[in-house]
Amino acid sequence: MVREFPRYSSSVPEPRSWDQNYSNAFQATVKAQTAGGNESKIGFNNVYPPELIKCRPAAGSHPLALYVGESPLKTPFTLVLLEILLVIVATRIVRFLLKPLRQPRIVSEIIGGIFIGPSILGRSKKFTSVVFPEHSQFIIRNIGIMGFMYFLFISGVKMDFAVVAKTKKKHIVIALVGVFIPLLMTEGVGFILRKSMVDKELAKVSTIGGIASSLALPLFPVIYPILKELNLLSSDIGRLALSIAVLSDGFGITALIVFEAALQGEGRPIAILWYTISLVLILAFTLGVIRKAMHKIIDHTPDGQYVDQAYVVGILLLVMVMGFFTDMFGVAIANGPFWLGLVIPDGPPLGSTLVDRSETMITEILMPFSFAVIGLSTDVEAMIMAGWQWMAPLFAMGITCYASKFIATFATSMFFQVPFRDGVVLSLVMCLKGQVELVLFIHWMDKRMVGIPGFTMLVLLITIVTAIATPLISILYDPTRPYMVHKRRTIQHTPTTDAELRIVLVIYDEDSTAGLINLLEVSNPTISSPFSIFAIRLIELVGRASPVFIDHQKEEDEADLKYAVSQTIHNALKLYQESKGDYVKLFNFTAIAPIRTMYQDICELALLKRATLMILPFHKECLDTLGGKLTEMVRRGIRNVNTNVLAHSPCSVAVLVDKGHLRHPLMAFRGHSDLHFVMLFLGGADAREALCLADRMVGNPKVLLTVIRFLSYNFEGDIEMEKKMDDGVVTWFWVKNERNDRVSYREVVVKNGAETVGAIQALDDHNCDVWIVGRKQGINPVLLEGLSNWSENQELGIIGDFLSSDDFDGTGSVLVVQQQILRGQEAGKGGITGGLNIC
């Protein structure tokens with residue numbers, strides 16, 4: 001026999017609960033019956049309300065249940081496995097279906113949870129009794145609450161309150177106005193409608209305050225994952241929104257503490273005192289003991305290494321310990337894990353290790369159960385049956401909060417002269433809601449502040465608003481648009497004398513640094529045409545949420561010593577700069593960002609510094625091994641970064657495939673110090689840019705240059721305007737270098753791509769150190785006919801990919817050049833982009 005207590009619901013009519021009257025009646029009946037001497041015939045049905053008693057057979061555990069005719073779902077373990085499978089598959093299917101609609105993951109997972117709940121599949125009593133019987137729902141609920149606990153813990157680990165110290169007046173004012181205006185407006189509407197509220201629990205002061213504060217606060221754990229999905233973390237709006245969210249979280253923690261104190265103090269003022277004492281003890285233990293322990297763990301971890309696995313397991317267990325104590329002391333179970341995450345230093349080594357080892361398990365396994373809890377508690381039919389009179393006050397409070405938050409944030413943004421479209425987008429971002437609000441809604445149901453109808457209304461409200469706001473954000477705000485400019489920033493249009501060449505040098509790791517420095521040296525900086533080099537070291541963002549951009553010229557105290565691993569690279573560049581004297585000016589930067597948004601930091605730096613050329617290392621590096629063979633080392637995620645940079649760069653781009661033979665000109669090589677470069681000119685804007693770069697390189701007395709121009713047979717497929725500009729640049733180059741013995745020029749006529757490849761293979765010279773080629777813009781398609789099908793690395797173009805592949809026997813490095821694509825020409829990507837202006 002199993003005695004079940006129904007979940008509290010404030011909908012009408014309320015089910016009877018096991019209260020003190022039933023308890024007294026039970027005791028009185030037992031005493032009366034036992035006094036009569038008939039202890040064996042106690043009448044339980046006379047004292048228990050009928051709806052509270054349910055009898056069911058004990059769960060079976062027969063190992064061969066299927067073969068003896070029993071359902072395997074009668075055993076608890078197989079039932080839980082089915083529920084896990086159903087929950088994860090349902091959420092994944094909904095995410096797949098809604099992805100084309102630009103819906104964030106949070107919306108898809110809420111809808112997936114609702115799908116298996118009583119609103120859709122759960123309407124079938126057969127489905128519910130088989131898949132989600134009442135005696136198994138407590139397992140899903142407990143795992144789901146654990147999912148929310150670990151989600152808040154990881155969110156706390158990623159948060160960096162140090163950004164508060166760097167916030168500007170604009171951020172603080174927008175955060176304050178965007179929180180307190182909707183908070184006051186929502187509470188005002190709640191108090192105005194208080195007398196007309198049918199639900200007396202909702203009419204309480206603590207309930208109105210709790211709902212108003214939860215809807216008014218833009219919370220960091222909610223905003224961060226959506227901005228990450230939209231690739232906006234490194235954008236101006238993303239950085240502004242995250243700073244405001246961190247400030248708002250400070251307000252939110254305070255508001256939740258006040259709300260919990262007010263809730264526990266209703267009718268029992270002494271409870272506020274005990275709540276405060278418990279809170280102080282927990283915070284003192286967290287800040288005084290746990291934080292010091294975390295720093296000791298970091299001190300015992302060698303530089304550049306992961307934290308020991310035992311520490312990771314211990315901290316993850318500590319999450320449950322903190323949840324237990326905060327729940328035991330009445331401080332709300334989710335607070336403890338979140339506070340624990342806040343005191344753990346973000347970034348490497350501890351924060352990054354925790355996120356790297358646990359985030360996938362939390363988001364992909366535990367969180368689907370959390371949304372299943374939401375779905376199983378959401379009942380649209382119950383909300384409809386409660387009626388509009390019951391739901392209207394709650395709906396009015398929600399709409400008032402969202403409207404006032406949008407207007408207040410937008411008006412404040414306009415006051416600080418934020419662009420109109422950016423102000424709209426920022427206001428929409430501040431309206432996003434998600435996991436934290438869902439945890440609070442569950443907490444309110446446990447506290448009997450809202451019932452199933454009110455819970456359903458709140459869940460649907462935040463889902464609809466987030467589902468509308470997120471696609472609007474992605475439509476209204478394109479973080480890449482500012483990078484495309486109208487002004488030409490190309491090598492072709494930069495004078496070779498009396499003008500500096502501004503170069504952004506992108507460095508992913510130490511291995512590619514030597515090749516990049518050697519490329520700078522052969523590019524021939526001179527006193528009349530010096531180089532300004534803006535070297536940006538990129539580090540993947542792990543273990544923290546807010547991207548970091550460090551200008552090492554301004555931050556003398558090394559803004560983030562935990563990323564001092566890049567110091568070796570900066571020292572190598574500094575030595576190169578010192579060796580060149582006035583020929584080279586060096587500026588070092590470090591960007592810590594997600595792989596998906598690294599290109600934004602690169603393009604923004606190039607835009608702000610008015611760079612002419614950007615140099616990228618290829619995502620594969622060739623290493624010499626025993627026997628003279630080359631093996632490839634692939635840099636994870638770098639290919640996408642390079643592709644995005646090529647698509648959105650505000651200047652020309654060169655991609656270096658370093659095969660280890662790009663040596664410093666002063667180093668002896670095969671008995672002599674000359675370097676042999678071969679430039680393949682196939683026509684078009686990229687080829688013209690590559691030829692202008694090669695012309696700068698041949699100014700170095702240690703460089704020999706061979707230029708091979710490819711022409712189609714009978715000029716088939718030529719674009720007249722492109723052909724004229726190609727002729728102009730080639731003529732200029734030939735006239736300039738006619739008397740230069742270190743320059744040779746040849747022309748080759750081909751009929752198709754096969755003959756182009758054959759001509760290149762015939763040119764193969766093992767003394768070639770670097771092949772220079774344009775990427776793809778404006779190339780006569782006849783020259784590449786039949787080659788596009790086997791090309792794998794589109795960022796190199798067809799010929800560049802061939803030169804760097806194993807099918808080509810040459811061991812020389814490859815430099816692929818793309819001329820700047822001006823704004824308005826993105827769609828064509830192959831149109832006429834270079835004028836006749838020749839340097």
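**Helices and surface patches in a predicted model**

Visitor: Which residue, with a positive phi, follows H16?

Guide: In this predicted model, helix H16 is followed by a residue whose phi is positive, near 60 degrees. That residue is Gln 417.

Visitor: How far apart are the end C-alpha atoms of helix H16?

Guide: Helix H16 covers residues 388-415, and its 28 residues, at 1.5 Å a residue, should span 40 Å.

Visitor: Is Glu 792 buried or exposed?

Guide: Glu 792 lies in the loop between strand S14 (768-774) and helix H27 (797-804), and together with Asp 806, Asp 807 and Asp 809 it forms a negative surface patch. A residue counts as exposed when its relative accessible area is over 50%. Glu 792 has 58% relative accessibility, so it counts as exposed.

Visitor: What is the area of the nonpolar surface patch that includes Leu 85?

Guide: Leu 85 has its place in helix H2 (residues 76-98), and because its relative accessible area is 52%, it is exposed. Leu 85 makes the patch together with Val 89, Ile 93, Phe 96 and Leu 97, and the area of this nonpolar patch is about 530 Å².

Visitor: How far apart in space are Leu 82 and Phe 132, C-alpha to C-alpha?

Guide: Leu 82 is also found in helix H2, where its 29% relative accessibility makes it count as partly exposed. Leu 82 and Phe 132 are 50 residues apart in sequence, while in space their C-alpha to C-alpha distance is 9.7 Å.

Key. Residues numbered from 1 in each chain as written. Predicted model: local features only at pLDDT ≥ 70, side-chain atom pairs only at ≥ 80, totals over all residues. Heavy atoms only, no water. Helix = DSSP H or I, 4+ residues; strand = E, 2+ residues; numbered from the N terminus. Expected span 1.5 Å × (residues − 1). Patch = residues over 30% accessible without salt bridge, like charges linked within 9 Å, V, L, I, M, F, W, Y side chains within 5 Å. Areas by Shrake-Rupley, 256 points an atom, 1.4 Å probe, with all protein chains shown as cover. Salt bridge = Lys/Arg side-chain N within 4 Å of Asp/Glu carboxyl O. Lys, Arg positive; Asp, Glu negative; His and termini not counted. Charge placed at Lys NZ, Arg CZ, Asp CG, Glu CD. Buried < 20%, exposed > 50% of the residue type's maximum accessible area, 1.4 Å probe, protein only.
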